[in-house]
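Me: I want to learn how to read packing, sheets and voids in a model. Please take one feature at a time.

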Amino acid sequence: MDDWDGGRQVGEHLRSLGHRRVLCISDNQECMDQQRFEGLCGGLGFRADFMMIPMEREARICYYREHFGQLRSYSAIFAVSDHYAVDLIRFLQNSGVKIPDDISVIGFDDSEVCGQVVPSLTSVRQDYRARAQMAVRLLKRMKEQPDYTEDVTIPVQFIVRNSSRRLYH
C-alpha cells in the first residue's frame, strides 16, 4: 500500500481546512506507520507532532487521560489506524470534546467501523483485495523464478466523512 501517499493526502486535507496544530498517534515509529507520518508532514508542509501510544487498550485509555491537556491542544489528530482513531474519538467524546467541532480526527484503513462511529470517520481506504491478488501473483512468480523481485505499490484513496472539518479562528 502507498502508506506515504495516504499520509500525504491526510496532510493536504488538513492543511486545506486550516489546521496548523496537528498530532499523529501510533504505537511505533517503524515501517508503514513511519511512512504514514512522513507523508502527513509532507502534505501539511510542516512537521506534525508525534505521540507514541500504548498498544493495549486499557493502557492507552489511561495514557490519554494522563495526556488529556496535550491532546486538547491540537486542532486535528491523525491516527495511523481506524482502530486507534475510533478509540480516541470515544475517549474524547466521553471527556466532553466534540468531534469535529473541537478536534478533527482522521484514521487509516477505511474499515467497516468508519460508518458505525458517530461522527463517521474520515479515513484512507486501502484496497485489500488488490493487495491479496498482487501477493498471490508475486508468490507464483517467485515460485517459478526464485531470484525474481519486484517492488509494487498499491494506491490508496482518501475518503472524507464527518470527523474532520474546516478550522475557524
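Me: Which residues line the largest pocket?

Reply: Met1, Arg131, Met134, Ala135, Leu138, Val152, Thr153 and Ile154 do. A pocket is an open set of points on a 1 Å grid over the protein atoms alone, with protein on both sides within 12 Å along at least five of seven lines; lining residues have an atom within 4 Å of a point. This model is predicted: local features need pLDDT of at least 70, side-chain atom pairs count only at pLDDT 80 or more, and totals for chains, interfaces and linings use all residues. Residues are numbered from 1 along each chain as its sequence is written, and side-chain values use heavy atoms, with hydrogens and water left out.

Me: How much space lies in the largest pocket, and how does its lining divide?

Reply: The space is about 160 Å³. Volume here is the space filled by probe spheres set on grid points, which are joined across faces, edges and corners. The lining has six nonpolar residues, one polar and one charged. Ala, Val, Leu, Ile, Met, Phe, Trp, Tyr, Cys and Pro count as nonpolar, Asp, Glu, Lys and Arg as charged, and the others, Gly among them, as polar.

Me: How many cavities of 30 Å³ or more does a search of the whole structure find?

Reply: One. In a cavity, a 1.4 Å probe fits but cannot get out. The largest cavity holds about 30 Å³. Its lining is His19, Ser75, Pro100, Asp101, Asp102, Ser104, Arg165, Arg166 and Leu167. Two of these are nonpolar, three polar and four charged.

Me: Where is Pro100 found?

Reply: Pro100 sits in the loop between α5 (82-94) and β4. Helices (H or I, at least four residues) and strands (E, at least two) are DSSP runs, numbered from the N terminus. The bond joining Ile99 to Pro100 is a cis peptide, with omega about 0°. Val118 to Pro119 is also cis, omega near 0°. Pro119 lies in the loop between β4 and β5 (123-125).

Me: What is the order of the strands in the open sheet?

Reply: Strands of a sheet pair through backbone hydrogen bonds, either parallel or antiparallel. Here four strands run in the order β2-β1-β3-β4, with parallel pairing. Pairing takes at least two DSSP bridges between two strands. β2 (49-52) and β4 (104-106) are the edges; each has a single partner strand, so one side of each lacks a neighbour in the sheet. The twist averages 20° from one strand to the next. Three bridges join β3 (residues 76-79) to β4, and Ala76 has Ser104 as its bridge partner.

Me: At what angle do the axes of α1 and α2 cross?

Reply: Two packed helices are described by the angle between their axes and the distance between the axes. The axes of α1 (residues 3-16) and α2 (residues 31-44) cross at roughly 35° and come within 6 Å. Axes are lines fitted to C-alpha atoms, for helices over the stretch in contact; angles run from 0 to 180 degrees between N-to-C directions. Contact means heavy atoms within 4.5 Å.

Me: Which strands does α2 lie across?

Reply: β1 (22-26), β2 and β3, with α2 at about 170° to β1. Cys31 belongs to α2. Its phi is near 45°, positive in a residue other than glycine.
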